[in-house]
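Here is a walk through one protein chain, meant to be read with the viewer open. Take a look at the sequence and the model, and then we'll go through the pieces.

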Amino acid sequence: MPTPSHLKSSLYFDFRAARRVPETHAWAGLHEHPVVDGGEEGTEDAVPVVDVGAAGAAARVARAAETWGAFLMTGHGVPETLLARVEERIARMFALPAAQKMRAVRAPGEACGYGSPPISSFFSKCMWSEGYTFSPVSLRSDLRRLWPKTGHDYRLFCDVMEEFHKEVRKLADRLLELFLRALGLTGEQIAGVEAERKIGETMTATMHLNWYPRCPDPQRALGLIAHTDSGFFTFVLQSLVPGLQLFRRGPDRWVTVPAVPGAFVVNVGDLFHILTNGRFHSVYHRAVVNRDRDRISLGYFLGPPPHVKVAPLPEAVPHGRSPAYRAVTWPEYMAVRKKAFTTGGSALNMVSTDAAIEPDDAAAAADA
C-alpha cells in the first residue's frame, strides 16, 4: 500500500513507563461528538453483522456498504484457533525489547517496518500506538530486520502470518464477488468485469499490525486518528477489547464496534468508493485507547497494483449519468490524499468529475 510514512523521531517512546500523556501525544477535539455503543441489537446504531456463508449475504452486504461503509463479517471460515495464534504472535512481537524493535524502524519513504501508524506523518501530534507494516509476499525478508538470526520466534511468526495470509486472501476473492453481486451484477457480468479489469487476480495485500497500550489518560490520547482507508477494502482483526469507532451522521456521532469473537470488521476504502461510483461509501473511522487494557489489531489492506487505473464500473453508473469520479492509480490517489490532509479538503471530492456528488455525500466526504 503506497504511503509516505515515517517516524517523527528516532527516539523510542516507552508507553509502559508513561505516567501521564505528554503534550506530544495530547489531541484536542476528541470529544466534539458523542460516542454510542454499536453492540446494542435492534437499535439504529447496531453495527451490521453479515454471515457471508448464509443465503442472502449479497443483499446484506449491499445494505451495510451503502448505509455504513463497514460491517462485522461472520461465517467466513477462517479458523478461530488460527486467529488466536495470530493475536498471540502479534502480542509477543510488540513485547520485544525496544532496541530490537528499533532495528526495524521504517525510514522516510519506506512502506514497511516498525513505527508509528503510517498515517501519522500527516500530523504534528503522536498517536498512542505502535505498528508494524509488511507485505505478505515478502514477509520473511521483511521480518529479518526484526529477527536477523531467523530463530524460533521468527519462524513461528512467519509461519502463522503466512497461514493467515493464505486464508484471508482466498476470503478476499469471495468477498469481492459478494460485493459485485451486491451491486446487482449477474454471474456473467462478474466474469466479464474480471476478464476485463482482473480486479481479483491483481489485488495486492498489505498487513499492518497495531498495538494500543494502556493509557494513563485516555481522554487526551488517540490510538489512531480518524481517517478513511485508501484502498479497496480492509479486513480488521481486533482483540476482545473494543476501540474501533465508526463515524455516522444525522446526528453526528461515533459508534464503537463491538469486539465479536472470531469476526472480522470489513471497512470499505476510498478506491472501492470510486469503483462503485460512490454507491458503497468509504467509512471514516478511528481507534481509541483505554486505561486498563492493551488492545491489538491487524489490518489486512487490499487494493490494486500501483500502475492500474481505478475508475467507476459502468454497471455502477446510473443510466444517463456520467461517472462521478475520474480514473486514478493508487499512487496518484495517495498524492491527492496527502494534499487533502494538508489543506483540510476531501480527497474524494478532489478526484470527482463535473457530475456533482450529492450534498449529503459531499459533506460526509469532506471529513474523510
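D142 sits in helix α4 (residues 139–143). Helices here are DSSP runs of H or I with at least four residues, strands are E runs of at least two, and both are numbered from the N terminus. Before going on, note that this is a predicted model: local features need pLDDT of at least 70, side-chain atom pairs count only at pLDDT 80 or more, and totals for chains, interfaces and linings use all residues. Residues are numbered from 1 along each chain as its sequence is written, and side-chain values use heavy atoms, with hydrogens and water left out.

Is D142 buried or exposed? With a relative accessible area of 15%, D142 is buried (buried is under 20% relative accessible area, exposed over 50%, partly exposed in between, using a 1.4 Å probe and protein chains only). Setting aside neighbours within four places in sequence, D142 is in contact with C112, Y132, F134 and S135, where contact means heavy atoms within 4.5 Å. From D142 to V266 it is 124 residues in sequence and 26 Å in space, C-alpha to C-alpha.

## The eight-stranded sheet

Eight strands make up an open sheet, ordered β2-β3-β11-β8-β13-β6-β5-β4, with mixed pairing. Two strands count as paired if DSSP finds at least two bridges between them. At the edges stand β2 (49–51) and β4 (113–115); each has a single partner strand, so one side of each has no neighbour in the sheet. Ignoring direction, neighbouring strands of this sheet are turned by 25° against each other on average. Axes are lines fitted to C-alpha atoms (for helices, over the stretch in contact), and angles run from 0 to 180 degrees between N-to-C directions.

Now follow some of the pairings. Strand β5 (residues 130–134) runs antiparallel to β6, and five bridges join them; Y132, for instance, has L209 as its bridge partner in β6. β6 also pairs with β13 in the antiparallel sense, over nine bridges, with H208 partnered by G299 of β13. Eight of the nine residues of β6 (residues 204–212) are buried, so this strand is largely enclosed by the rest of the structure. On to β8 (residues 233–238): six bridges join β8 to β13 (residues 295–303), and the two run antiparallel. There, L237 is bridged to L298 of β13.

β2 and β3 run parallel, joined by three bridges, and V49 stands opposite L72 in β3. Between these two strands, the chain crosses through helix α1 (residues 57–67), and this β-α-β crossover is right-handed: with the strands pointing away from the viewer, the path from the first strand over the helix to the second runs clockwise. β3 also pairs with β11 (residues 264–268), antiparallel this time and over four bridges. A70 has N267 as its bridge partner in β11.

Four of the five residues of β3 are buried, so β3 is largely enclosed by the rest of the structure. M73 belongs to this strand (residues 70–74) and is buried, at 0% relative accessible area. Which residues does M73 touch, not counting those up to four places away in sequence? The answer is V50, V52, L171, L175, F235, A263, F264 and V266.

## How α1 meets α5

α1 packs against helix α5 (residues 152–182) at an angle of about 80°, with the axes 8 Å apart. That makes α1 roughly perpendicular to α5 (65 to 115 degrees counts as roughly perpendicular, under 35 as roughly parallel, over 145 as roughly antiparallel, and the rest as oblique). On the α1 side the contact is made by A57, A58, V61, A62 and A65, and on the α5 side by L178, F179, R181 and A182.

These contact residues divide into eight nonpolar, no polar and one charged.

β1 runs parallel to β10 (residues 253–256) over three bridges, and V35 is partnered by W254 of β10.

D270 is located in helix α8 (residues 270–275) and counts as buried at 2% relative accessibility. Leaving aside neighbours within four places in sequence, D270 contacts T228, D229, S230, G231, S282, Y333, R337 and L348.

Technical notes: Nonpolar A, V, L, I, M, F, W, Y, C, P; charged D, E, K, R; others polar.
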